[in-house]
Amino acid sequence: EESYLYHCMGNALRKLGQWVKSVEAYDEAIRLDPSYPQTYHNKGDTLRKLHRYEEAIATYQKALELDPDDGTTLYSLAEAYSRLDQFEESAKAYKRAIDGGFWEDGIFASYA
């Protein structure tokens with residue numbers, strides 16, 4: 001599906017450090033298929049790299065609308081809140097990540 005190809009292109013561009021082009025590819029993937037939470041998550045991570053934390057938070061929240069218990073998205077959301085000194089919201093997101101099993105099965109190892 002074309003949306004998945006744009007998602008993959010966004011991933012490749014992100015790995016190349018081409019953050020703005022990566023966001024553009026994720027935006028196209030979302031336009032074509034707004035139901036895939038991982039695209040929102042990856043876009044949020046890329047927005048964090050650009051220090052666009054408020055946009056990252058909104059993007060993570062959209063991912064969580066589609067997959068409310070995704071521990072990696074909750075962890076990333078908590079990190080974005082921390083960058084804006086919104087520590088109460090950050091703590092809530094960390095708690096939800098812990099409750100969702102983020103620390104189990106080696107998931108955290110890829111983020112540590």
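This report covers the helices, the nonpolar core and selected residues of a predicted model.

Local features need pLDDT of at least 70 and side-chain atom pairs pLDDT 80 or more, whereas totals for chains, interfaces and linings use all residues. Residues are numbered from 1 along each chain as its sequence is written, and side-chain values use heavy atoms, without hydrogens and water.

Helices here are DSSP runs of H or I with at least four residues, numbered from the N terminus. The expected span of a helix is 1.5 Å times one less than its number of residues.

| Helix | Residues | Length | C-alpha span, end to end | Expected span |
|---|---|---|---|---|
| α2 | 19-32 | 14 residues | 20 Å | 20 Å |

Start with α2. Its buried residues are Ser22, Val23, Ala25, Tyr26, Ala29 and Ile30. They sit on the same side of α2, because they cover an arc of only 160° around the axis. Buried means under 20% relative accessible area, exposed means over 50%, and partly exposed is in between, with a 1.4 Å probe and protein chains only. The arc is taken from the directions from the helix axis to the C-beta atoms. The buried residues of α2 pack against α1 (2-15) and α3. Contact means heavy atoms within 4.5 Å.

Now α4. Tyr53, Ala56, Ile57, Thr59, Tyr60, Ala63 and Leu64 are its buried residues. Cover for the buried residues of α4 includes α3 (37-49) and α5 (71-83).

Lys62 also belongs to α4. Lys62 is partly exposed, at 29% relative accessible area. Its C-alpha atom is separated by 10 Å from that of Gln38, 24 residues apart along the chain.

**Thr39 in α3**

Thr39 lies in helix α3. It counts as buried, because its relative accessibility is 2%. Its side chain makes a polar contact with the side chain of His7, at 2.7 Å. A polar contact is a pair of N or O atoms within 3.5 Å; within protein, one must be able to donate a hydrogen and the other to accept it, and residues adjacent in sequence count only if both atoms are side-chain atoms. Not counting residues up to four places away in sequence, Thr39 touches His7, Tyr26, Ala29 and Ile30. Tyr26, Ala29 and Ile30 are among the buried residues of α2.

**The largest nonpolar core**

A nonpolar core is a set of buried Ala, Val, Leu, Ile, Met, Phe, Trp, Tyr and Cys residues joined through side-chain atoms within 4.5 Å. The largest one has 15 residues, and Ile57, Tyr60 and Leu77 touch the most other members. Two or more residues come from each of α4, α5 and α6 (87-99). The most come from α5, which gives six residues. Leu77 touches Ile57, Tyr60, Gln61, Leu64 and Ala93, not counting residues up to four places away in sequence. In soluble globular proteins, nonpolar side chains tend to be buried together.

**Ser82 in α5**

Ser82 is placed in helix α5. It is partly exposed, with a relative accessible area of 21%. Leaving aside neighbours within four places in sequence, Ser82 is in contact with Phe87, Ser90 and Tyr94. The C-alpha atoms of Ser82 and Tyr53 are separated by 9.4 Å, while the two residues are 29 residues apart along the chain.
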